[in-house]
Amino acid sequence: MISFPIFERLTVRDYGLYPGRTSRPGLDVQLQPGLTLVLGANGLGKTTLVTMLYRMCTGPFDIPGLSVGGELGTRSLEARRLPRAEARLFASRVVDSAEHATATLEMTLGSARLVITRSLSSLAPTELSVDGEALSPSDETYQQAILAQSGVSSFGDWILLLQHLTFYFETRRALVWDASAQRQILRILLLPATTGSEWRRLERSIVENDSRMRNLQAALTREERTLEATAALASDGDAVRDELKLLEKLQEVDTRTLATLDQRIVDEDSTRQSARLAALRAEAAHESAYRDLERQQLLVIASAFPTSDDTARYLLGKLFSESYCLACGQVAVVAVNTMRKRQSDNRCVVCDTPLKDPAGTKSLTTRSLSRATIALQRARDWLEAANNERRGAEAAFDALISELQKLNTETANRAVRIDELLRRLPPDDVELHQRQDELASLRRRVELMKADLADERAGFTRFIAGVNRTIARRRTVIQETFARFAEGFLLEQCELAWAPHKARLGETGGQIAFPSFELELGGTDFPSPVRRQGPLQVSESQREFIDLAFRMTLMSAAGVAAGGTLVIDAPESSLDAVFVTRAADVLTRFAAPEFDNRLIVTSNLIEGDLIPGLVRRARIGSALDARIVDLLKLAAPTAATHKLHKEYAAVRRRLFARATQLDS
């Protein structure tokens, strides 16, 4: 039989969330037979404490995706090491990352007493002993000790029991209505470890072989479609080859043209660069000739004025060189042309009076001006010719680039079409025959796998039929135990019916009848109990009561006489106010000291009958009782509990005062 853990003591040291008292630092919770009530407020660490208990039992291991729903029989239920971030969940809650923090759990499991200490920064074990004998503090040694004392066949099964029976988490599966989870728990609880292990082996083998067969079937289907398409192509193979031959010939011609075009572009680029350089030189020569002509014109102006008035010379020089009149600020092209003609006729540029030529000055300046004018005209002609040459070279280069781009686009598009045609070419007869043989071989493999899988399923079906008979022998005890617990919770008639649940293992094959119980519940509109197929067919309060009753039933009916532990985190949110006292009665009945069961309940310090009911039935005399873990005194205060500590103290006094007033 299976042994459930009996928690006896939890000690937490150097963890910032639980500073404790000055006289007794940290947290030291003695878990006596019966009820231990953890009182607190939002943010004081009630859920953290429950999670810490769970992680002390599992260490940095869990079953991935266990709480997300879905069929448990189709997934691996092996325990896997947590990612580092998840293993540091307690470290992330305190400032010092729990660098020196530890937690120690003392528990009885089967006939042995285990003590495990873990670092809260990583969940790594630091100390381990069994019946007082110190062992190597490693996860492997701890897991071996758990398997030896609990009776389960794998550490994954140990985690399943903790998740579905010992701990009543908010993310729990509703075991009565989750057939896949229920059959795994029944397997662990009601079968010998060797039989349960064989069940899991056969189950995983079928699921894995089913997956392999479906993958191979999918590959076969793809190959069959490919071969069908290949055979269809054979009929139009000649047309494909003719088009391919034409396109390849065009591609060959264009490839040679591209090579020639690349060389022409290199040559034309050299010509273009030379033309650009020649144009730059012509532009410089034109600029030089233009400046020389201006200088000669100024010399002529200077020779035409016997006066040395610099202002007059500057005004006329500006007008001659830039056609700009400094007197009125206008452009005076006509006036400049008139003055230049007078200058060339040896007349005064201002009054048009004939001038004498002193010592041949006029002829000298006129000749220089004439030469400068001719030089400028030649430079202008050179510049125009050089620019025309540059524009022609650039146009020729651009035309070659455009031709190259067009040809590249055509060859790229043609290459895509050639690739398409190549893929459409049917294989030759030898290759086609070889592919047909390979397909036939693959088809035979699929059929053989299907036959083997059918045999495997048939054997497993017979195995499960025997399992059903074994578990069915215990159904009466389970049904009677459930009836006692449910009667305490509910007024309606509530029963468990033995109803093997049919489910498919994998995604192919027939359905197999797995061991299962289903719920029958009376109601206002029903003269007798009716089958309730899912949790939505009952009220929220009924759902919680039924789930608790079924868990306590399995622990009581399937575990050894030594007892067990039930940990419930904050049940007050889902309990109907009218039924709170009934819930308190049934819970404390489960945790009666004579059964050596432990019941750990966490609750906010709120008004109502839950806390007084639990306290009275557990015969707890005051808030100072060791069975009361008051996080308002032991945990690091929140802003609310610090500022409103008097109000919380008043609520605590009222609740314990009411515990003496309630009827048992």
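Strand β3 (34-40), helix α1 and strand β17 (598-604) each contribute at least two residues to the lining of the largest cavity; helices (H or I, at least four residues) and strands (E, at least two) are DSSP runs numbered from the N terminus. The structure is a predicted model, in which local features need pLDDT of at least 70 and side-chain atom pairs count only at pLDDT 80 or more, whereas totals for chains, interfaces and linings use all residues. Residues are numbered from 1 along each chain as its sequence is written, and side-chain values use heavy atoms, with hydrogens and water left out.

A cavity is a set of points, on a 1 Å grid over the protein atoms alone, where a 1.4 Å probe fits but cannot get out, and its lining residues have an atom within 4 Å of a point. Grid points are joined across faces, edges and corners, and a volume is the space filled by probe spheres set on the points. Three cavities of 30 Å³ or more are found by this rule.

The largest cavity has a volume of about 60 Å³. Its lining consists of L10, V29, L31, T36, V38, K46, L49, V50, L53, I600 and T602. With four residues, α1 gives the most to this lining. Eight of the lining residues are nonpolar, two polar and one charged (Ala, Val, Leu, Ile, Met, Phe, Trp, Tyr, Cys and Pro count as nonpolar, Asp, Glu, Lys and Arg as charged, and the others, Gly among them, as polar).

Among the buried residues are K46, L49, V50 and L53. Just after α1, G59 adopts a positive phi of about 65°.

The second largest cavity holds about 50 Å³ of space. Residues lining the second largest cavity include I2, G151, D157, R187, L191 and S197. Helices α5 (179-190) and α6 (193-235) are the elements that supply two or more residues to this lining, and α6 gives the most, with three. By class, six residues of the lining are nonpolar, four polar and two charged.

In helix α10 (residues 361-424) lies T411, which is buried at a relative accessible area of 10%. Residues up to four places away in sequence aside, T411 touches Q251, D254 and L258, contact meaning heavy atoms within 4.5 Å.

Note on methods
Buried means under 20% relative accessible area, exposed over 50%, partly exposed in between (1.4 Å probe, protein chains only). On a 1 Å grid over the protein atoms alone, a cavity is a set of points where a 1.4 Å probe fits but cannot get out, and a pocket is an open set with protein on both sides within 12 Å along at least five of seven lines; lining residues have an atom within 4 Å of a point.
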